[in-house]
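Dear colleague,

I am passing on the structure below, together with some notes on its sheets and on the surroundings of its ligand. Please read the notes with the model open beside them.

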Amino acid sequence: MREADSVSEIREADVSEAEIAVHWREEPRIDPPADFVAQATVRDRRLFATLSGNDFPEGFRSYADLLQWDHPYDQVLDQSNPPFYRWFSGGRLNASVNTIDRHLGSARDRVAYYFVPESESEPITALTYGELASRVNRLAGILRNRFGLAAGDRVTIHLPMVPELPIAMLACARLGVIHSVVFSGFSGKACGTRIVDSGSRLLLTMDGYSRNGQWLDHKIKADEAFEAAASSGVTLDGVAVFERYPGRYRSASPLRPGRDVALTPLLTHGSDHDIAPASLESNHGLFIMYSSGTTGQPKGCLHGIGGYLAWVTATSRYVLDLKPDDVYWCMADIGWITGHSYIVYGPLSIGATSVIYEGVPNFPDAGRPWRIAEKLGVRILHTSPTAIRALRREGADAPSRYHPPLRLLATVGEPIEPETWHWYYSEIGHGKAVVVDTYWQTETGGHLLATLPGIEPMKPGSAGPALPGIEAAIYDETGNRLKPGAKRAGILVIERPWPGLMLGIWNDPERFRATYFEPLRRGAHKDRWLYCTHDAATQSSDGYFRILGRTDDVINVAGHRLGSKEIESAALNVAAVAEAAVIPFPDPVKGHLPLLFVATKPGTASPKGVARSVERAVIEAIGPIARPKAVLVVEDLPKTRSGKIMRRVLRAIATGGDPGDTTTLANPESVEAIRKEVGRSL
Ligand code: WTA
């Protein structure tokens with residue numbers, strides 16, 4: 001398997017000096033605004049002393065103390081079976097109690113979520129913690145009594161950005177049912193694959209929703225997902241359907257008797273009794289989140305309860321500076337890890353008020369987010385560089401007309417270049433809000449690198465230093481640990497476990513070890529368990545890291561991870577396609593877009609027709625987020641003599657870089673032909 005083939009993987013990494021040179025230059029550091037510092041939760045370096053020093057892992061007791069436990073843990077960290085670390089083992093708790101019930105005393109009437117429909121003519125609704133509790137309990141009752149679900153079962157949730165999504169997640173969490181949320185933009189087929197891998201018993205979906213001013217029929221995707229799963233041998237017990245407007249079903253796909261269950265009548269007439277929360281061991285599964293990696297199938301990242309919840313609660317407090325009386329808006333989709341950690345579990349655990357927005361940020365115009373933020377009094381905003389670039393491009397002046405009381409602006413998902421950073425800082429924050437660039441991954445549960453906003457200066461273009469308790473370093477291709485300021489790129493490695501690290505890969509423990517921990521287990525490190533992020537990075541002498549991008553076959557499109565293998569195998573499903581290779585192509589708004597090269601089988605008549613079919617196949621297999629920038633149909637792809645497609649060469653040709661010595665290829669003549677096609681099509 002390629003994943004275990006680590007050192008060669010690192011050597012192949014796109015970390016050449018040329019690549020770093022095209023990145024921005026080192027920017028001066030900027031101190032956080034004084035008003036921010038005066039009220040910041042973290043104002044000294046004590047956290048570093050307790051979490052990063054010799055007090056490991058005992059220092060993390062303070063993170064466990066942020067939660068409410070039914071039963072105390074026996075051990076802070078059970079390291080008896082590395083790399084399967086178990087945090088707060090023996091302790092028992094429930095995630096829905098920690099995110100809801102514990103606020104029901106004095107904070108019962110505090111708003112947990114504002115729901116902002118996409119259409120501006122529909123009113124914004126507020127859901128208090130008390131109301132959230134009753135809706136979660138009702139749904140948990142249905143899941144338990146009607147569908148017979150119990151702790152350890154899996155449920156797939158395919159819902160858009162509506163309050164029903166966190167409600168469904170928390171109803172599962174209450175019973176100890178492991179939820180697997182699939183991003184609503186994913187196709188029915190992609191949802192089906194995830195139902196099969198997780199062995200889900202039930203699919204929760206909705207009739208439809210609004211996006212970009214259009215009504216999207218969503219229930220039809222459930223039919224596709226059901227069929228796709230059934231044809232792979234997993235037949236769901238049922239499909240439970242919410243209505244976007246309760247009582248007004250609006251999908252072209254009728255409910256199928258015996259399979260589909262309308263939730264509205266059950267929720268309206270259901271019992272109002274509280275459902276007793278399952279008291280679960282700290283390392284019981286909370287959720288699975290699928291993420292793309294080097295091989296064809298997305299990996300099911302399994303997160304537990306105690307460690308994960310402690311990590312997202314602590315980072316929401318210390319990195320996002322979130323306080324219970326804050327109104328906070330994370331513009332990510334809950335269907336991705338950012339939404340799980342920083343719209344649902346972290347903010348609710350703190351007892352803050354969050355915004356859930358149904359639609360696209362620039363609907364009906366690029367001023368929408370700033371109107372929403374002003375109207376709701378948003379103080380903390382969290383979004384992606386792609387969203388900032390798009391909003392800037394479409395409405396650079398729009399923010400000046402609105403005055404939300406922002407004090408912290410966070411970003412996540414991809415590197416933010418200084419130009420975009422400065423616009424965010426000056427135009428959105430008016431220089432009064434601190435900017436925090438947060439680097440992390442689905443696998444890591446929560447933030448790894450970021451400035452602690454009250455005590456560490458910002459540096460545009462850098463993700464910042466490692467957080468307290470995170471031992472981060474850069475290793476070169478021979479496994480040497482580089483010193484800060486080495487001016488060389490390498491792989492970002494985390495040297496010690498932390499509570500947010502996932503428990504493992506669903507159904508595939510070996511893959512967890514091979515993908516993340518085997519790459520550096522050689523030479524001097526053969527007895528160590530170093531977590532490999534698969535990101536290339538540099539570290540400057542002040543300890544700040546700059547992320548250069550993935551070194552495995554992951555393409556980061558608008559902050560979303562797409563697996564090259566998934567895109568290529570979709571293309572290969574088109575009958576005329578003999579070979580396919582995808583590369584990331586730079587895009588001014590989305591960071592990168594997939595650019596596909598396909599070689600056709602002999603006798604294929606219409607390259608245009610093939611290109612169209614390939615595009616359709618990719619969207620059907622994954623969803624519109626994977627829509628390629630272009631599909632270039634060529635006769636032959638550049639290959640080594642052993643038959644390996646040289647994506648590096650394709651990338652160089654497409655982006656006007658230097659493909660290096662191509663005379664050693666098995667088919668050097670392919671290069672010129674591709675160059676011509678690139679010239680014609682791009
Ligand atoms: C990239 C999203 C630069 C990185 C939370 C990582 C970033 C992948 C940043 C994880 C950042 C995330 N600066 N790159 N601040 N944050 N990335 O699993 O390549 O969807 O490995 O998790 O996004 O994406 P994932």
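In which sense do S29 and strand S30 (residues 591-600) pair, and over how many bridges? The pairing of S29 and S30 is antiparallel and runs over 10 bridges, where two strands count as paired if DSSP finds at least two bridges between them, and where helices (H or I, at least four residues) and strands (E, at least two) are DSSP runs numbered from the N terminus.

Before going further, please note that this is a predicted model, in which local features need pLDDT of at least 70 and side-chain atom pairs count only at pLDDT 80 or more, whereas totals for chains, interfaces and linings use all residues. Residues are numbered from 1 along each chain as its sequence is written, and side-chain values use heavy atoms, with hydrogens and water left out.

The pair belongs to an open sheet of 3 strands with mixed pairing, in the order S29-S30-S31. Strand S29 (577-587) and strand S31 (630-634) each have a single partner strand, so one side of each is left without a neighbour in the sheet. On average, neighbouring strands here are turned by 25 degrees against each other, direction ignored; axes are lines fitted to C-alpha atoms, for helices over the stretch in contact, and angles run from 0 to 180 degrees between N-to-C directions. Pro584 stands opposite Pro594 in S30. Helix H20 (residues 647-654) lies across S29 and S30, at about 50 degrees to S29, contact meaning heavy atoms within 4.5 Å.

A second open sheet, also of mixed pairing, has 8 strands in the order S12-S11-S8-S6-S7-S14-S15-S24. Its edge strands, strand S12 (260-262) and strand S24 (504-505), pair on one side only. Within this sheet, strand S6 (residues 154-157) and strand S8 (residues 202-206) are parallel over 3 bridges, and Val155 stands opposite Leu202 in S8.

Among the polar contacts (pairs of N or O atoms within 3.5 Å), a ligand nitrogen is 2.7 Å from a polar backbone atom of Thr438, and a ligand oxygen is 2.7 Å from an N or O atom in the side chain of Arg561. Taken alone the ligand exposes 530 Å², of which the protein buries 96%, by the Shrake-Rupley method with a 1.4 Å probe.

Technical notes
A polar contact is a pair of N or O atoms within 3.5 Å; within protein, one must be able to donate a hydrogen and the other to accept it, and residues adjacent in sequence count only if both atoms are side-chain atoms.
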